Amino acid sequence: MPSLSARCSATARRAALDVAPMLLSGFRHDMNIDLKADFHDVVTKYDRAAEARIREIIEEDFPGSAVVGEEDGLRAGADPTWYIDPIDGTSNFARGIAFWCVSIAAVVDGEVIAGVIYDPVQDNLFTADDTGARLGGKPIHARGFGVSDQATVLAHYPMPADLAADEEFSLRRYGALVRGFSAVRNTSSGALCLAHVAAGWADATFNFGTNAWDVAAGSLLLKLAGGSYHAYIDGVEQPAHGDFLAPDYFGHVADADFPLITRTMHEGSRLRSA
C-alpha cells in the first residue's frame with residue numbers, strides 16, 4: 001500500500017491538475033477583480049472556484065480532514081491538515097502575467113509530508129513527498145550559484161508592509177541587494193519562487209509577512225531538493241519543526257552563503273513584528 005505521504009501527494013496532484021483548465025480558461029481574458037484587505041490584495045472568482053473544487057477532491061480522498069485555504073479559511077478536522085493556495089500570484093494571474101501557480105500541501109503532526117506546486121501555463125508540475133522532490137516525475141536538485149555576485153534572487157520585496165515598517169531601511173536594503181547580486185527579480189508568487197530555487201533556476205528567494213498556504217508545499221520541495229529553508233519570527237530563526245507557519249522566510253540552493261540576505265531577514269523580520 002502507498003504511504004500516507006504518497007497518497008497525499010497523489011490527491012494534491014489530482015486536485016491541482018483538475019482545476020488547471022478552469023484557471024487557464026480565465027487567464028488573459030476579461031475578469032472582475034475584487035479587493036480583500038486593500039488594493040494591493042486582489043481576488044477573482046477563479047480563486048474561489050478553484051479552492052472550492054480542491055476542497056471537494058480532498059474530501060473525496062480524505063473525508064473529515066482539516067483544510068486551511070486562503071479564500072475560505074479553516075475547516076476543522078483531523079490530520080492530514082491541508083494548506084491550499086488556489087492561485088498563488090493572483091495579481092499576476094488577474095493581469096495576464098504568466099507567473100502564478102496552484103499550491104497544495106498536507107501536514108501531519110505539524111510537519112509537511114507532501115506538497116504540490118503546479119504552474120499551468122508552463123505545465124510544470126512540482127511534487128514533494130517521501131520519494132523526493134520532482135518536476136514532471138523526474139528528480140530535481142537545488143544546485144546553483146552560492147555567491148552573491150553570480151546569484152539570482154527572487155524576492156517580492158519590498159512590499160507595502162515593509163515600507164510601512166521602515167521605508168528607509170527597506171529601500172536602502174533593496175538597493176544593497178541590487179548592487180550586491182547578479183540579478184534581483186520581483187516576481188510575486190512565493191510558492192513558485194521556492195519551486196524555481198528547488199529546480200536550480202534561481203539561487204535564493206525570501207519574503208516577509210507570508211501565510212502558511214504560501215510556503216507549505218514549497219518549503220518541503222526545496223528541502224527535499226537539497227536546498228535550505230530558514231524561517232523567522234521577530235528576527236529570530238525558528239526550528240525546522242513547523243517552520244512553514246512562520247511569516248518570514250529565506251530559501252536558497254545548496255552550499256550557498258548570502259550574508260546580506262541573512263542580515264536582511266533578521267532585521268526585516270524584527271521590523272515587521274514591531
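Reader: Leaving aside its neighbours within four places in sequence, which residues is Ile87 in contact with?
Author: This is a predicted model, to begin with. Beyond those sequence neighbours, Ile87 touches Leu23, Thr44, Tyr46, Asp47, Glu70, Phe93, Trp100 and Cys101.

Reader: And is Ile87 buried or exposed?
Author: Buried: its relative accessibility is 1%, and the cut-off for buried is under 20%. Ile87 sits in strand β5, which covers residues 78-88.

Reader: What about Asp88, buried or exposed?
Author: Asp88 is buried as well, with a relative accessible area of 6%. It also lies in β5. Setting aside neighbours within four places in sequence, its contacts are Trp100, Cys101, Ser189, Gly190, Ala191, Leu192 and Asp214.

Reader: Nice. Which residues does UniProt list under "binding site"?
Author: The unreviewed entry gives Glu70, Asp85, Ile87, Asp88 and Asp214. They span 145 residues in sequence, but no two of their C-alpha atoms are more than 9.7 Å apart, so they gather at one spot.

Reader: What happens just after α5?
Author: Gly200 takes a positive phi there, about 80°.

Reader: Now the sheet. What's the strand order?
Author: The order is β4-β3-β5-β6-β7-β8-β9-β10, an open sheet of 8 strands with mixed pairing. Its edge strands are β4 (73-75) and β10 (138-139), each pairing on one side only.

Reader: How many bridges link β7 and β8?
Author: There are 5 bridges, in the antiparallel sense, between β7 (residues 111-119) and β8 (residues 124-129). Val116 stands opposite Thr127 of β8.

Reader: Which strands does helix α6 touch?
Author: Helix α6 (residues 212-224) packs on the sheet and touches β3 (65-69), β5, β6, β7, β8 and β9 (132-135). Its direction makes about 100° with that of β7.

Reader: And where does α5 lie?
Author: Across β5, β6 (101-108), β7 and β8, running at about 95° to β7.

Technical notes
Residues numbered from 1 in each chain as written. Predicted model: local features only at pLDDT ≥ 70, side-chain atom pairs only at ≥ 80, totals over all residues. Heavy atoms only, no water. Helix = DSSP H or I, 4+ residues; strand = E, 2+ residues; numbered from the N terminus. UniProt positions renumbered as here; feature names shortened; annotations may be inferred. Buried < 20%, exposed > 50% of the residue type's maximum accessible area, 1.4 Å probe, protein only. Contact = heavy atoms within 4.5 Å. Pairing = 2+ DSSP bridges. Axes fitted to C-alpha atoms, helices over the stretch in contact; angles between N-to-C directions.
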